[in-house]
Amino acid sequence: MRLGVLDVGSNTVHLLVVDAHPGARPLPAHSHKADLRLAQLLDDSGAIGPDGVDRLVAVVRDALQAAEDKGVEALLPFATSAVREARNADEVLTRVRTETGVELQVLTGAEEARLTFLAARRWFGWSAGKLLVIDIGGGSLEIAYGIDEEPDAAASLPLGAGRLTAGWLPGDPPDPQDVRALRRHVRAEIARTVGEFARFGPPDHVVATSKTFRQLARIAGAARSAEGLYVQRELKRQSLENWVPRLASMTAAERAELPGVSAGRAGQLLAGALVAEGAMDLFRVETLEICPWALREGVILRRLDHMA
């Protein structure tokens, strides 16, 4: 059947259309994206303002039309941290449901981590052994660890690249003191969770998902996306540590000139790099592998499991 996953994230609203059936890998058929940046549309009280809600409704309508045009039989709509943490989340969800008919399922941070872990496990298989999975989104950082398809430990931290950029790095290029303060904050937040994972022993394989990690791997020398999903892409901590001060000295426009970095994400790449560096350092990861599948694929796989 043809499934559509509608992901209302902190940075983008992304419709992914796949051809799928139980027991087979989902085959991407169409992708429809809109840069909405909900995490940056919160007012001082933490609510999504009227203009932001209007834009969200319009984008969801466009995604519904795209899904219809592509013959989607079932739509799996969900929202992550930007909606989850908005002070007026219930009002936003009601408005979207009333005006579009779409019932957004708001995932908890732990659910995000578990579904992303499921996607990584299916991609790498059982031979990968104990997996540590790290995902940096626009609003949150997810970490999960385990040997089965359900992780033994999962955590979600408010360390998304978009959130941190808006709250900690107002300058362009950022003030070095702001960068230092954000680095301290990130590491203190991550350090609180390390013990929860360390008691399970070292992982056999460490993988990362998300656009942030893909871009960091690309500027550090990984293969281009045009070379396909099945090319192994890695990110080494030493390379990342060398890049962080360079990214900190650049403007967003200069970062956008780097290979694989989009103009829309260039402004938050430094914050993402500080989170990635902190996670790799505190979890003692020297090298991680980039996983092409992430949360959206996890949602699809869970639905196919239920169908089976």
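Colleague: Why is Thr12 called buried?

Modeller: Its relative accessible area is 13%. Buried means under 20% relative accessible area, exposed means over 50%, and partly exposed lies in between (1.4 Å probe, protein chains only). Thr12 is at 13%, so Thr12 counts as buried. A word on the source: this is a predicted model, in which local features need pLDDT of at least 70, side-chain atom pairs count only at pLDDT 80 or more, and totals for chains, interfaces and linings use all residues. Residues are numbered from 1 along each chain as its sequence is written, and side-chain values use heavy atoms, with hydrogens and water left out.

Colleague: Where is Thr12, and what is it in contact with?

Modeller: Thr12 lies in strand β2, residues 12-19. Strands (E, at least two residues) and helices (H or I, at least four) are DSSP runs, numbered from the N terminus. Contact means heavy atoms within 4.5 Å. Beyond four places in sequence, the partners of Thr12 are Asp7, Ala34, Asp35, Leu36 and Arg265.

Colleague: What makes β3 and β5 edge strands?

Modeller: Two strands pair if DSSP finds at least two bridges between them. β3 (27-35) and β5 (105-106) each pair on one side only. Their open sheet has five strands, in the order β3-β2-β1-β4-β5, with mixed pairing.

Colleague: How do you know that β4 and β5 pair?

Modeller: Two bridges join them, and the strands run parallel. The cut-off is at least two bridges, so they count as a pair.

Colleague: How do β7 and β8 pair, and what lies between them?

Modeller: They pair in the antiparallel sense over five bridges. Six residues separate them in a hairpin. Ala144 stands opposite Ala154 in β8.

Colleague: What shows that side chains alternate along β8?

Modeller: In a regular strand the side chains alternate between the two faces of the sheet. In β8, Ala153, Ala155 and Leu157 point to one face and are buried.

Colleague: What makes a set of residues a nonpolar core?

Modeller: The members are buried Ala, Val, Leu, Ile, Met, Phe, Trp, Tyr and Cys residues, joined through side-chain atoms within 4.5 Å. The largest core has 49 residues. Leu141 and Leu247 are among those that touch the most other members. α11 gives the most to this core, with nine residues. A second, separate core of 27 residues includes Leu38, Val57, Ala86 and Leu104.

Colleague: How do you know that Val57 is buried?

Modeller: Its relative accessible area is 2%, so Val57 falls under the limit. Val57 lies in helix α1, residues 50-69. Among the residues Val57 touches are Arg95 and Val96.

Colleague: How does the reach of α8 compare with the expected span?

Modeller: The expected span is 1.5 Å times one less than the number of residues. α8 (237-249) has 13 residues, and 18 Å is expected. From first C-alpha to last it reaches 19 Å, close to that value.

Colleague: Where is the kink in α8?

Modeller: At Trp243, shortly before Pro245, and it is about 25 degrees. The bend at a residue is the angle between axes fitted to the seven residues ending there and the seven starting there. Trp243 is also one of the buried residues of α8.

Colleague: What sets Arg37 and Arg284 apart in accessibility?

Modeller: Arg37 has 16%, so it counts as buried. Arg284 has 76%, so it counts as exposed. Phi is near 55 degrees in Arg37 and about 55 degrees in Arg284. Most residues other than glycine have a negative phi, and most peptide bonds are trans.

Colleague: Which peptide bond is cis?

Modeller: The one from Asp172 to Pro173, with omega near 5 degrees. Pro173 sits in the loop between α5 (161-168) and α6.
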